[in-house]
Amino acid sequence: MKKIVVALVLMISTTVFGQILGLSGFEVFNDGSYMLTVNTEQEAIERYRSIVDINGCDTTSMVINWGNNPVIFDSFKSDTKGMVNVGVIIRFNGKYDILFATIKKKKNHLFDVIDNDGVIVELTYE
């Protein structure tokens, strides 16, 4: 009975707060962002696509920068008014980090990464 109540509370809070679905196995940070580290670029892209798909967004037109950094920097709809979901795949220390966050729908600098040419790329949602 206790498990059913916990599951119901989680379902309701996900619906009410418009959280990103499908993030089991991801580490959750205090700011509400999520991260998962995987070994290959292919695995990162497949996991990213499945999460975006679970959240009802089309992945066919997604821009993938194979072999570059960031591999993906994209946004998709949030059920919360004035908010947007942001997803990123970056290569770091030979592995791939998949990051998701829900942020205010305004210009928002997330962080910087270094691309293959050594150039700093600012990841800013606009």
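Entry 1: I looked up the largest pocket and found about 220 Å³ of space in it. For the record, this is a predicted model, where local features need pLDDT of at least 70 and side-chain atom pairs count only at pLDDT 80 or more, while totals for chains, interfaces and linings use all residues. Residues are numbered from 1 along each chain as its sequence is written, and side-chain values use heavy atoms, with hydrogens and water left out.

I noted what a pocket is: on a 1 Å grid over the protein atoms alone, it's an open set of points where a 1.4 Å probe fits, with protein on both sides within 12 Å along at least five of seven lines, and lining residues have an atom within 4 Å of a point. The volume is the space filled by probe spheres set on the points, which are joined across faces, edges and corners.

Which residues lie nearest the centre of the largest pocket? I get S33, F100, A101, L110 and F111, out of 14 lining residues. β2, β4 (83-92), β5 and β6 (108-114) each give two or more residues to the lining, and β5 gives the most, with five. (Strands are DSSP runs of E, at least two residues; helices are runs of H or I, at least four.) I sorted the lining into 11 nonpolar residues, two polar and one charged. Here Ala, Val, Leu, Ile, Met, Phe, Trp, Tyr, Cys and Pro count as nonpolar, Asp, Glu, Lys and Arg as charged, and the others, Gly among them, as polar.

**Entry 2: the core.** The largest nonpolar core has 21 residues, and F26, Y48, I72, I89, I98 and F100 touch the most other members. Such a core is a set of buried Ala, Val, Leu, Ile, Met, Phe, Trp, Tyr and Cys residues joined through side-chain atoms within 4.5 Å. Buried means under 20% relative accessible area, exposed over 50%, and partly exposed in between (1.4 Å probe, protein chains only). α2 (41-54) is one of the elements that supply at least two core residues, and α2 gives the most, with five.

**Entry 3: two loop residues.** N55 sits in the loop between α2 and β3. Is N55 buried or exposed? I put N55 down as buried, because its relative accessibility is 11%. A polar atom of the N55 side chain lies 2.7 Å from the backbone oxygen of I51. F29, in the loop between β1 (27-28) and β2, is partly exposed at 31%.

Key:
Polar contact = N/O pair within 3.5 Å; in protein donor to acceptor, adjacent residues only side chain to side chain.
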